Amino acid sequence: MSGLKDKLYEKIQVQRPKTARLVKEFGDSVVDQVKVSQIIGGMRGIKSLVTDISYLDPMEGIRYRGFTLPEVLEKLPKPKGAEMPYVEGLYYLLLTGDMPTQKEVEDLMVDFNNRRTIPQYVKDVIDAFPSESSPMAILSAAVMSLERESLFNIKYKQGMSKMDYWDATYEDATNLLAKMPLIGAYIYNKLYHPEKGHRYADPTLDLGANFAYMMGKDKPYDDVSRMYFIIHADHESGNVSAHTGHLVASSLSDVYYANSAMINGLAGPLHGLANQEVLRWLQGLREQMGGKLPSEEEMKKYVWDTLNSGQVIPGYGHAVLRKTDPRYSVQREFCLKHLPEDDLFKYVDALYKVVPDILREHGKAKNPWPNVDAQSGVVQWHYGVTQYDFYTVLFAIGRSLGVLSNIIWDRALGYSLERPKSLTTKMIEDMVHAN
Ligand code: CMX
């Protein structure tokens, strides 16, 4: 077993009896009550999922295994000369709850690199898509095409014990994670730079640096990639992408089915697609302004025009958060350090000054503050990834880290097939005496 897998197994053995005890001794204890508004309103806030990998506090933002994002970025080991940590190290932290040492991460990097190839048939699937296709549709199909490689499926058919599900899932998940950046870079080069051709992975590079290399981007895009994948990795389990991955996996579908489904959920404009919507929307403003930075009044008018035409302001609001998203703040800090004079950054900054007050005055959004997507496109644009259709693919590569880590733990703890109960409208009316 690899070092990470050994450590994970130790943690699983400690956790299993805790979960079993909760069900056995406290199975009938009440944790939450459900309101009609929650049933009709997208199950908002109902406490009905369990994960130890991350927790989202409405006021504080996300913590991975108890660490805030600034703590994660400070404490995880970094490649020599890098500003941002190894992405591989985050996988270690998410799976075990322990901050890895430099040596542990370097070992894991070798393990990842050994798994870093994509079969020709995956490239053929990607190449078969017309060039106008959505990169998210291509990504989902490419992941799906890899399903034949699932060790979980092979072992399940051979009669694997439930106690070993986590092991085969770990192998599948780690294989897929190592391949996701390669698939992303292959899609990017096929759609936007067919003249340049494709690069093979460089076995000396960590996940973030190799992604930058395969995208054909120079430093500091390696750090941008590391930061991007790390901050998008997990946001507890109720968001659409994480929940979809968990739901699909709960039927014992393997991680290829589950991660492909997760990608499909992320592709919606209210979720991951918002990062490219922000860029599309800002470009509209830039065109209107003939390239010049709008005055505060012009900015306010553009925001109000968008709201009055019945659209949402992309990159603002959140289903859980009630303050500025720390994922926004991490990227803002990066921009202030590396691209303070960037035109688009100035637009985003100017928006930050006007949108929260306008959303409050508008009176609908419960959270007027920016989320991760308000800032992320700007960083990509600055470093030459101007094809904003592609941004959600980057989000998906990052999100896979959290979703797949959760699925390994789902298997280890034997979480059940998900099956909530539905009611008819008439039943609800009768229950609340609405007649
Ligand atoms: N602009 C305008 N209206 C907004 C708004 C925004 N940014 N955010 C919320 N609202 C509106 C909602 O559309 C809703 O209106 P209706 O009552 O007419 O349906 C009302 O305010 C209440 O919504 P809420 O409870 O505050 O927010 P929800 O939990 O329903 O939705 C979210 C959350 C993110 C979908 C919403 O804030 C939104 O549409 N934001 C813009 C899209 C976006 O940035 N999404 C990315 C989120 C982060 C991510 O997952 O990537």
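Predicted model: local features only at pLDDT ≥ 70, side-chain atom pairs only at ≥ 80, totals over all residues.
The chain splits into domain 1, made of 1-29 + 50-271 + 393-435, and domain 2, covering 274-382. Taken over C-alpha atoms, their centres sit 28 Å apart. On the contact count, 24 residues of domain 1 touch 20 residues of domain 2.

How much area goes into that interface? The two domains bury about 2,000 Å² between them, and 66% of that is on carbon and sulfur atoms.

**Polar links across the interface**

Between domain 1 and domain 2 there is 1 salt bridge. For polar contacts, the rule finds 6 residue pairs across the interface, with both residues at pLDDT 80 or more. As for which elements of domain 1 face domain 2, those giving two or more residues are β1 (54-57), β2 (61-64), α3 (69-75), α11 (221-231) and α19 (391-412). Of these, α11 gives the most, with 5 residues. Sorted by class, the side of domain 1 that touches domain 2 has 15 nonpolar, 5 polar and 4 charged residues.

**Side-chain pairs**

| Pair | Type | Distance |
|---|---|---|
| K337 and E83 | salt bridge | 3.5 Å, N to O |
| N275 and Y228 | polar contact | 3.3 Å |
| T306 and W281 | polar contact | 2.9 Å |

**N275**

N275 lies in helix α14, which runs over residues 274-288. Is N275 buried or exposed? N275 counts as buried, because its relative accessibility is 0%, and the cut-off for buried is under 20%. Setting aside residues up to four places away in sequence, N275 touches Y228, D373, S376, Y391, T392 and F395. Y228 is also the residue whose side chain makes the 3.3 Å polar contact with the side chain of N275.

**T306**

T306 belongs to helix α15, residues 296-308. Its relative accessibility is 6%, so T306 counts as buried too. Once neighbours within four places in sequence are left out, T306 is in contact with W281, Q311, V312 and I313.

How far apart are T306 and W281 in sequence and in space? They are 25 residues apart along the chain, and 9.3 Å apart from C-alpha to C-alpha. Their side chains are joined by a polar contact of 2.9 Å.

Methods: Residues numbered from 1 in each chain as written. Heavy atoms only, no water. Helix = DSSP H or I, 4+ residues; strand = E, 2+ residues; numbered from the N terminus. Buried < 20%, exposed > 50% of the residue type's maximum accessible area, 1.4 Å probe, protein only. Contact = heavy atoms within 4.5 Å. Polar contact = N/O pair within 3.5 Å; in protein donor to acceptor, adjacent residues only side chain to side chain. Domains from an automatic or database assignment. Buried area = accessible area lost by both parts, 1.4 Å probe. Salt bridge = Lys/Arg side-chain N within 4 Å of Asp/Glu carboxyl O. Nonpolar A, V, L, I, M, F, W, Y, C, P; charged D, E, K, R; others polar.
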